[in-house]
Amino acid sequence: MIIRSVTRFIALAFGLLLLASHSHAGEKDFGDYQLHWSVFPSTMLTPEVAKANNLQRSKSIGVVNIAIMTNDEHGQPQPMGGQVEGQVANDIQQVKFLAFRRIQEGDAVYFIAQYQYRPAELMTFNITARPTGYPQGLKVRFAHSLYND
């Protein structure tokens with residue numbers, strides 16, 4: 001029984017390390033709002049999810065996912081709508097604008113865009129999110145490299 005639990009724990013830890021090596025996530029607090037982001041290769045999407053969301057799967061296409069959150073009256077984070085825009089630059093400063101689309105699944109609201117990359121290429125993201133009813137843009141900058149399987 002103990003050996004089986006340890007084996008499960010090792011398999012779970014290895015799976016999380018493998019996922020972490022293929023994706024990147026972060027968040028930034030702006031007081032009343034928080035921005036959450038993740039970046040991952042489009043090949044991590046199942047064909048069904050990609051098709052349902054009109055996304056292309058390819059070893060040279062990455063996905064950036066942005067969520068705007070605010071706390072409800074109980075202090076629990078809740079997703080909210082708004083607008084997201086941004087750009088991505090490669091390591092030689094070639095800039096491309098990101099075309100974000102709003103996705104809503106039940107109460108979840110997030111914004112996704114796809115971009116081209118080369119394996120191990122450092123990509124720098126400059127994102128501005130504007131929560132619904134909030135006049136200022138919330139800006140984040142982060143960098144990440146993706147690797148193919």
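In strand β4, P79 is the bridge partner of M69. Strands here are DSSP runs of E, at least two residues long, numbered from the N terminus. Before going on, note that this is a predicted model, where local features need pLDDT of at least 70, side-chain atom pairs count only at pLDDT 80 or more, and totals for chains, interfaces and linings use all residues. Residues are numbered from 1 along each chain as its sequence is written, and side-chain values use heavy atoms, with hydrogens and water left out.

Two strands pair if DSSP finds at least two bridges between them. Here's how that works out for β3 (residues 61-71):

| Partner of β3 | Sense | Bridges |
|---|---|---|
| β2 (residues 33-41) | antiparallel | nine bridges |
| β8 (residues 108-116) | antiparallel | six bridges |
| β4 (residues 77-80) | antiparallel | four bridges |

Let's zoom in on some pairs. V39 has V64 in β3 as its bridge partner, while G62 sits opposite Y115 in β8. The β3 and β4 hairpin has five residues between its strands, and G75 takes a positive phi near 80 degrees there.

Why is β3 largely enclosed by the rest of the structure? Because nine of its eleven residues are buried, meaning under 20% relative accessible area (1.4 Å probe, protein chains only).

Over in strand β5 (residues 82-89) you'll find V84. V84 is buried too, with a relative accessible area of 12%. Its contacts (heavy atoms within 4.5 Å) include I66, I68 and F111, not counting residues up to four places away in sequence. V84 and I112 are 28 residues apart in sequence, yet 9.0 Å apart in space, C-alpha to C-alpha.

Methods
Buried < 20%, exposed > 50% of the residue type's maximum accessible area, 1.4 Å probe, protein only.
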